[in-house]
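Subject: The structure for you to look at

Hi,

Here is the structure I promised to pass on. Have it open while you read, and my notes on what turned up follow below.

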Amino acid sequence: MKLNQEELKNKKIWEDAGFELPAFDREQMIEETKKNPEWVHFGAGNIFRAFPAAVCQELLNKGIMKTGIVVAEGYDYEIIEKSYKKFDDLSVLVTLKPDGKLEKKVIASIAESHCVDTNNSKDWSRLCEVFRNPSLKMVSFTITEKGYSLVNGRQELLPDVAKDFTQKPSEATSYIGKLAALCYERFSNGKLPVTLVSMDNCSHNGTKLEAAVTTFAKTWVENKIVEPEFLTYVTENISYPWSMIDKITPRPADSVIEMLKSVGFEDTDSVVTSKNTYVASFVNAEEPQYLVIEDKFMNGRLPLEQGGIIYTDKETVDKVEKMKVCTCLNPLHTALAVYGCLLNYTKISDEMKDAELVKLVEKVGYVEGLPVVVDPGIIKPKDFIDEVIRVRIPNPFMPDTPQRIATDTSQKLSIRFGETIKAYEADPELDPQALTYIPLVLAGWCRYLTGINDEGNAFELSPDPMLTTLTPKFANIKLGDNNNVHEILADLLADERIFGVNLYQVGLGEKVEGLFAELISGKGAVRETLKKYLN
């Protein structure tokens, strides 16, 4: 079996091999989408194919929707050629269930795929045509948080953004510049309303998207490149709802490749693009998924709620996002990431067979996190964290690694732990100095930055923009030596940019120092420290 539209006509072969096939007329869907596109999605990566595209397919199968999705990739154009057009815009979704069963589904909800490239006249012309169509309701995004940034780490304009600010929209090369240019097409064709929905996993994502688009419009107006009304249009005729998305979609797994081969599926090659994107004809993903979107639409709303997506108000989206990121999932992942690296684990699921690490995430989540969670109402925090600890993280068929999750930890701690510490500080009935397990994770991260595992051997730290600043602090540490811990950690633990708070001011700096001293007291000290505080 090869993945293309012609081969899908041999339905019996696919169904006998256990694949669920689309239950709608795909040619009719493509034709209808060509005439009346309703949904464009920017960011052709795995989470899109595993979640929004699968929801669209479900609604097409039920006859609830008639049009599919126009996919647009604005960063890594190779994805379109090697992962979309090569397979007639089809993909296979392999859902990894905790009981070991694998669900295989051919996703056929993509009607078109294009590069968002002003130098690619064919694709760019078609995207402009789509944006000029009154039928367009929603443009969604999974382009990562940095995709919305117009500046670098030093707050300087990115070179392509600076260039775009001074030239015609049709010549844009930056990601947001190209998006703003397409919005200008829509503005020029009758100021048609539309909704831009960031589905990226970052706080207040809609506001980030709005700020980026509005900055482009404002600068183009100031530079007399576009009419002053364009700024009014992007602020009044376009809405930017907040959303919260949650679904784990790791890189293509060898075990999934072997399973697909065993049932006769031939297109199993995984390719790494020149921009280091891992692409294949299939996506492997966990079963649980959540997408909550602020109900703020300007040109009609797609019926995604009939596919399990939740529409609600902005305040509820904010509560759900904080519940996940600050308490019920992300902090647990970080705890497992740093200690997993120190203890030589290479799979997150294997860590959930480790008595101390299971207790650590239970204590961080249930004992120290849940008391300050604001219940969003639509998802119970206790039920959410139960699913994370009992179903999602232990799933042996989810090939996620502590090394991957440890990436960019310095950028994550202020949200994942700092917000909980602030909540303790703000509650007169709670005392941040009573916290033990969150400080144990923070001390574990400092121990991780030594680059020495619990056996005393060096290991490679995961990428992080602050490594060049942080690692020199730990360069001279020797396990078991009488290290001057306060001198090593003082500046770091006082850094509110990293932790969200000055740990000394909230009474936790000395506690983290003490835990760190225990963790570096010799070989095996990481394990012994965990046993001491968790047994």
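Let's start with Lys 422, which counts as partly exposed because its relative accessibility is 34%. This is a predicted model, by the way. The side chain of Lys 422 meets that of Glu 419 in a salt bridge, with 3.2 Å from N to O. Glu 419 is partly exposed too, at a relative accessible area of 30%. Both residues belong to helix 18 (residues 413-426), where they sit three residues apart, about one turn of the helix.

Now try a pair from two helices. Glu 518 and Lys 532 form a salt bridge at 3.0 Å, N to O. This one links distant parts of the chain, 14 residues apart: Glu 518 is in helix 23 (residues 509-519) and Lys 532 in helix 24 (residues 525-534). Are these two residues buried or exposed? Glu 518 is partly exposed, with a relative accessible area of 22%, while Lys 532 is exposed, at 52%.

Next, find Glu 145 and Lys 208, a salt bridge whose closest N and O atoms are 3.9 Å apart. Glu 145 lies in the loop between strand 7 (138-141) and helix 7 (159-164), and Lys 208 lies in helix 9 (residues 205-222), so this pair ties together parts that are 63 residues apart in sequence. Glu 145 is partly exposed, with a relative accessible area of 43%, and Lys 208 is also partly exposed, at 31% relative accessibility. There is a network of salt bridges as well, linking Glu 112, Arg 126 and Glu 129. In total, the count comes to 29 salt bridges.

Six strands make up an open sheet with parallel pairing, in the order 6-3-2-7-8-9. Which strands are at the edges? They are strand 6 (110-115) and strand 9 (238-239), and each of them pairs on one side only. Strand 6 pairs with strand 3 (residues 69-73) in the parallel sense, over five bridges. If you want a place to look, Val 71 stands opposite Ser 113 in strand 6. Helix 6 (residues 121-132) lies across strand 2 (39-42), strand 3, strand 6 and strand 7, and runs at about 125 degrees to strand 6.

Then there's the inside. In soluble globular proteins, nonpolar side chains tend to be buried together. Here the largest nonpolar core has 79 residues, and Tyr 339, Leu 360 and Trp 445 are the ones that touch the most other members. Helix 19 (residues 437-448) gives this core its largest share, nine residues. Setting aside neighbours within four places in sequence, Tyr 339 is in contact with residues including Glu 351, Leu 357, Leu 360, Leu 440, Val 441 and Gly 444. Another core, of 62 residues, lies apart from that one, and Phe 19, Phe 87, Leu 93 and Val 106 are among its members.

One last stop is helix 16 (residues 381-392). Which residues of helix 16 are buried? They are Pro 381, Phe 384, Ile 385, Asp 386, Val 388, Ile 389 and Arg 392. What covers the buried residues of helix 16 includes strand 10 (243-246), strand 13 (282-286) and strand 14 (290-294), along with helix 12 (314-328), helix 13 (330-342) and helix 15 (355-369).

Happy browsing!

Definitions and conventions
Residues are numbered from 1 along each chain as its sequence is written. This is a predicted model: local features need pLDDT of at least 70, side-chain atom pairs count only at pLDDT 80 or more; totals for chains, interfaces and linings use all residues. Side-chain values use heavy atoms; hydrogens and water are left out. A salt bridge is a side-chain nitrogen of Lys or Arg within 4 Å of a carboxyl oxygen of Asp or Glu. Helices (H or I, at least four residues) and strands (E, at least two) are DSSP runs, numbered from the N terminus. Buried means under 20% relative accessible area, exposed over 50%, partly exposed in between (1.4 Å probe, protein chains only). Two strands pair if DSSP finds at least two bridges between them. Contact means heavy atoms within 4.5 Å. Axes are lines fitted to C-alpha atoms, for helices over the stretch in contact, and angles run from 0 to 180 degrees between N-to-C directions. A nonpolar core is a set of buried Ala, Val, Leu, Ile, Met, Phe, Trp, Tyr and Cys residues joined through side-chain atoms within 4.5 Å.
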